[in-house]
Protein chains: 2
Amino acid sequence: MVQVLNLGSNRSGVGRLRRRSEARRLDILRAAARVFRRRGFAAAGMREIADEADLSPGNLYYYFSGKDEILYFCQDRTLEQLLAAAAAARASGAPLPAQLRAVVQAHLRCMLDELEGATAHLEPEALPDELRRQIVVKRDAYERAIRALVAEGVERGAFAPCDPALVTRAILGAMNWTARWFRPDGPQPAGEVAVALADYLARGLAPAPSSKGGT
Amino acid sequence: MVQVLNLGSNRSGVGRLRRRSEARRLDILRAAARVFRRRGFAAAGMREIADEADLSPGNLYYYFSGKDEILYFCQDRTLEQLLAAAAAARASGAPLPAQLRAVVQAHLRCMLDELEGATAHLEPEALPDELRRQIVVKRDAYERAIRALVAEGVERGAFAPCDPALVTRAILGAMNWTARWFRPDGPQPAGEVAVALADYLARGLAPAPSSKGGT
């Protein structure tokens, strides 16, 4: 606790420098994510990322060795946030449909607000083998977390009988597809989209009251 | 009717040639879609497409002027099929949830069976401006068709109150995302995936019987 407080103080020059450097790296990741979103990863250049981050190219290389490393950190940071949100939802003890809605909303907030859409985490193929493997491991862990939530709900009767793996992928698809159409400057705020999609995606798992109804 | 029968006869040499040429073009589109799926559009080469289609590169250029034209015809053919399926569902007079399930199943069959996944229709950005515009017009028409189905269902009480544009995009996302994970040689047949996803996506629109339930 004392240590945590000390992180905020000016006592340690090294600590301050590290915090400043971390903040700078985060600024760069956000700037890079905007460029990736605008131009696609393949077409984005280090010079353009430097411009967007208001740095000289030389200065940019001080923080990141290249485009691959930037993409890796974008994806890694996003997946860490998603995993943390899923863990928090599971630990909340809330009813399972509420847990699922919380996970979906957190995922969408992360995609639509954070890092300018964080669309970058959708392109692990662009990474060199070793970095891609690390991202795929985390991505799979995240998918398993959602699948376990769905499976538990089915088992306990909180969700309709279904194939949890398939429904999890449908949910991930509906969420990740927002990267294709959501515009931060569009008419609908990210929070509204997140709530509406979470409602729809959770409702698809609601157990049938009696029959499935046919109208 | 007589004319239809004549299409199958050998009476017209020109007709026969045209049919043969059409069939050849379709074979090439399927082969190209396999290459696009395997390698991504950017990395795919005309020589590789020719190999996959069992043609010499020269012969391939007789049918298509280049990779852009092949991608355009892949996307155009897929969208024509999707539009036709949506029109057929609307014309069926079936209850609206059944219409929606039919559209979703047709879309998924088209993505998972036809043209080796037809993933190509997901990358209109790869096309030159003029061709892309034509694809985007058709893609928008298809999205509007699904949105109109959802909106009509909401209006008539067959679907739960929702934002039809948003739900339509969630449905499209869940369907199109299958291109990322479905493996034709995997354990689950395409037809099974199509039915299960259609059930889940339609259930999300089922009107609440009384309250939304919270467990």
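Guide: Let us begin with helix 6 of chain B, residues 96–112, which has 17 residues and reaches 24 Å from its first C-alpha to its last, close to the 24 Å expected at 1.5 Å a residue. Helices (H or I, at least four residues) and strands (E, at least two) are DSSP runs, numbered from the N terminus. The expected span of a helix is 1.5 Å times one less than its number of residues. This is a predicted model, in which local features need pLDDT of at least 70 and side-chain atom pairs count only at pLDDT 80 or more, while totals for chains, interfaces and linings use all residues. Residues are numbered from 1 along each chain as its sequence is written, and chains are lettered from A and ligands numbered from 1 in the order in which they are written.

Visitor: Why is helix 6 of chain B called largely enclosed by the rest of the structure?

Guide: A residue is buried if 20 or more other C-beta atoms lie within 10 Å of its own, exposed if 12 or fewer, and partly exposed in between, with C-beta atoms placed from the backbone. In helix 6 of chain B, 14 of the 17 residues are buried, so the helix is largely enclosed.

Visitor: What makes A:Val136 partly exposed?

Guide: A:Val136 has 15 C-beta neighbours inside 10 Å and therefore counts as partly exposed. The residue is found in helix 7 of chain A, residues 129–155. Its C-alpha atom is separated by 7.4 Å from that of A:Pro124, 12 residues apart along the chain.

Visitor: How do you know that the span of helix 7 of chain A agrees with the value for its number of residues?

Guide: The 27 residues should span 39 Å at 1.5 Å a residue, and the end C-alpha atoms are 38 Å apart, which agrees. In this helix A:Ile135, A:Arg139, A:Tyr142, A:Ile146, A:Leu149, A:Val150 and A:Gly153 are buried. Their cover includes helix 5 (67–91), helix 6 and helix 8 of chain A. Helix 7 of chain A is followed by A:Gly157, with a positive phi near 80 degrees.

Visitor: Why is A:Asp54 called exposed?

Guide: A:Asp54 has 10 other C-beta atoms within 10 Å, so the residue is exposed. Its place is in the loop between helix 3 (46–52) and helix 4 (57–63) of chain A. A:Asp54 has a positive phi of about 60 degrees although it is not a glycine. In chain B, B:Asp54 also has a positive phi, near 60 degrees, and is exposed, with 10 other C-beta atoms within 10 Å.

Visitor: What makes the two copies related as by a two-fold rotation axis?

Guide: Copies are superposed by least squares on the C-alpha atoms of residues with pLDDT of at least 70 in both. A rotation of 180 degrees with 0.0 Å of shift along its axis superposes chain B on chain A, with an RMSD of 0.0 Å. The two copies are thus related as by a two-fold rotation axis. Among the residues of chain B, B:Gly204 comes closest to that axis, at 1.7 Å (C-alpha).

Visitor: How do you know that the copies meet through the same surface?

Guide: Two residues are in contact if their C-beta atoms, placed from the backbone, lie within 7 Å. The contact takes 29 residues from chain B and 29 residues from chain A. Helix 8 of chain B gives the most to the side of chain B that touches chain A, with eight residues. Since 100% of the interface residues of chain B are also interface residues in chain A, the copies meet through the same surface.

Visitor: What makes a set of residues a nonpolar core?

Guide: A nonpolar core is a set of buried Ala, Val, Leu, Ile, Met, Phe, Trp, Tyr and Cys residues joined through C-beta atoms within 7 Å. The largest one has 112 residues, and those with the most contacts inside it are A:Ala32, A:Leu197, B:Ala32 and B:Leu197. Not counting residues up to four places away in sequence, A:Leu197 touches A:Val104, A:Leu108, A:Ala174, A:Met175, B:Leu166 and B:Ala170. A:Leu197 is one of the buried residues of helix 10 of chain A. The buried residues of that helix pack against helix 6, helix 8 and helix 9 of chain A together with helix 8 of chain B.
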